[in-house]
Amino acid sequence: MDASLLATTAAGDLADTMTQLHGAGCAVHKALLEIIAAFDERRLWQADGATSVAAWLVARLGVSYGTATAWSETAARLTNLPALSAAYEEGRLSWDQVRAAAEVADAGNEAAVLAQALGASAAQLERAARRHRERVGPSGEAIHSVRWWYERRGVQWRLNGYLPAEQGAVVARALETIADEASRRPENGMYDPAPVRYADALVELAESRLAATDPAPPTVVVHVAADALAAGAGPGEIEDGPVLAGPVVRRLACDARLEAVVERPDGSTVGINRAGRGVPPWLARRVRHRDQGCRFPGCERTRWVYLHHLVHWADGGPTNLDNLVSLCGHHHRLIHEGGWTLAGHPDRRLTFLRPGGTPFRPGPDPLRPEVRARLVDPVLPGPGPPG
Ligand SMILES: [Zn+2]
Ligand SMILES: [Zn+2]
């Protein structure tokens, strides 16, 4: 914008321009939310390696995880709230107002909520939203209740309920931790989808609570041929257990979570990669401190990370600060088994490349000049008459 024009424009014109630019921002943001909802509905974020639409927004738009979550949740709510959507698009409600109002509104009370929102401050609406949040879950049920019942003549068991977020996070972390450890199905070498693994994890959690007293889990020992591990091709075999596909063995061995007995063709042992040989605790602490969570752009996971060797130790890669990066279970699998590759240096620039080899580029992308010209420039009044 022209600084001299801003210095001389009348107060009323500046104020009017602010309201109009703000309204234009609301209209543009409403369009953005609509696209976010459609993008999420079709789960298109998966193709970019993201774990959720919020994680994708963090990576591509450079926003915080809190902002991304607020956008995606509000976007989903607004798809069923046409009057609130229209008020936002027309600039009659600010983002802070529409976000809080959308949390309280449903098809039955939308008109009343809108009428109230148009005269209320953002802070008032946020207080109402918080009270609503503390009382009821998204479908109107009381929070902090879990129910279950049998369905379809007793062949299925259904679980339903709500917990306050901090308690739910404990349950989610336990299920994710167990699900992350699931191995591929031996018959087809594929992972079960995450919801299936969470279901298994829930059963495992219950079984382990009810199980007999032996607390020490058996050590998982994998036998793998030395040349197969280096080539990344051959399978490994869990002692008294299933055969694992080659990439799985390399992933497990990468972080040294397992004891790999590496064997020559004649059956003699080349070496044993014990937990501890991989990454010593002092080094693991330094890598985790440097990375502060999974390094995949936009990934919000800071706990339960694996230490990935950029050059696998089986290929001669060193176990040091320069060759290790933190990745969550999802993104570690993406690298070893999902066709993604990771290049660069952990201290300078890390580039994640899609299966086709194109780099995944974090955002935000700058506004193109023609778009900017359409949105911003026509709003300010032109230079007034000279004098
Ligand atoms: Zn790895
Ligand atoms: Zn991750």
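A salt bridge is a side-chain nitrogen of Lys or Arg lying within 4 Å of a carboxyl oxygen of Asp or Glu. A search of the whole structure finds eleven salt bridges.

## Basis of the model

The model is predicted: local features need pLDDT of at least 70, side-chain atom pairs count only at pLDDT 80 or more, and totals for chains, interfaces and linings use all residues. Residues are numbered from 1 along each chain as its sequence is written, chains are lettered from A and ligands numbered from 1 in the order in which they are written, and side-chain values use heavy atoms, with hydrogens and water left out.

Side chains of opposite charge can pair when their charged atoms come close. One of the salt bridges joins R354 and D48, whose closest N and O atoms are 2.4 Å apart. This pair links distant parts of the chain, 306 residues apart: R354 is in the loop between strand 11 (350-353) and strand 12, and D48 is in the loop between helix 2 and helix 3. Helices (H or I, at least four residues) and strands (E, at least two) are DSSP runs, numbered from the N terminus. D48 counts as buried at 11% relative accessibility, while R354 is partly exposed at 22%. Here buried means under 20% relative accessible area, exposed means over 50%, and partly exposed lies in between (1.4 Å probe, protein chains only).

Another salt bridge joins E337 and R251, at 2.4 Å from N to O. E337 lies in helix 14 (residues 329-337) and R251 in helix 12 (residues 246-254), so the pair ties together parts that are 86 residues apart in sequence. Both E337 and R251 are buried. D291 forms a salt bridge with R295, with the closest N and O atoms 2.6 Å apart; D291 is buried at 8% relative accessibility, and R295 is partly exposed at 23%.

## Aromatic rings

Rings of Phe, Tyr and Trp (its six-membered ring) pair if their centres lie within 6.5 Å; planes under 30 degrees apart count as stacked, over 60 as edge-to-face and the rest as tilted. By this rule the count comes to seven aromatic pairs. The rings of F39 and W56 have centres 4.6 Å apart and planes at 50 degrees, so this pair is tilted. F39 is in helix 2 (residues 11-41) and W56 in helix 3 (residues 53-61), 17 residues apart. W56 is buried, with a relative accessible area of 16%.

F296 and F360 form a stacked pair, 5.6 Å from centre to centre with 25 degrees between the planes. F296 lies in the loop between helix 13 (281-291) and strand 8 (306-309), and F360 in strand 12 (residues 359-360), so the pair ties together parts that are 64 residues apart in sequence. Both residues, F296 and F360, are buried. Ring pairs also link F296, W340, F352 and F360 into a cluster.

## Zinc site

The zinc ion (ligand 2) is coordinated by C294 (SG), C299 (SG), C328 (SG) and H331 (ND1), at 2.0 to 2.4 Å. Donors are N, O and S atoms within 2.8 Å of the metal (3.2 Å for Na, K and Ca); water is not among the atoms, so sites may look incomplete. The four donor atoms subtend angles of 97 to 117 degrees, which makes the arrangement tetrahedral; four donors count as such if all angles lie between 85 and 135 degrees. In sequence, the donor residues are spaced C-x4-C-x28-C-x2-H. C294 and C299 are buried.

Key
Tetrahedral: all angles 85-135°; square planar, octahedral: opposite > 155°, others 65-115°.
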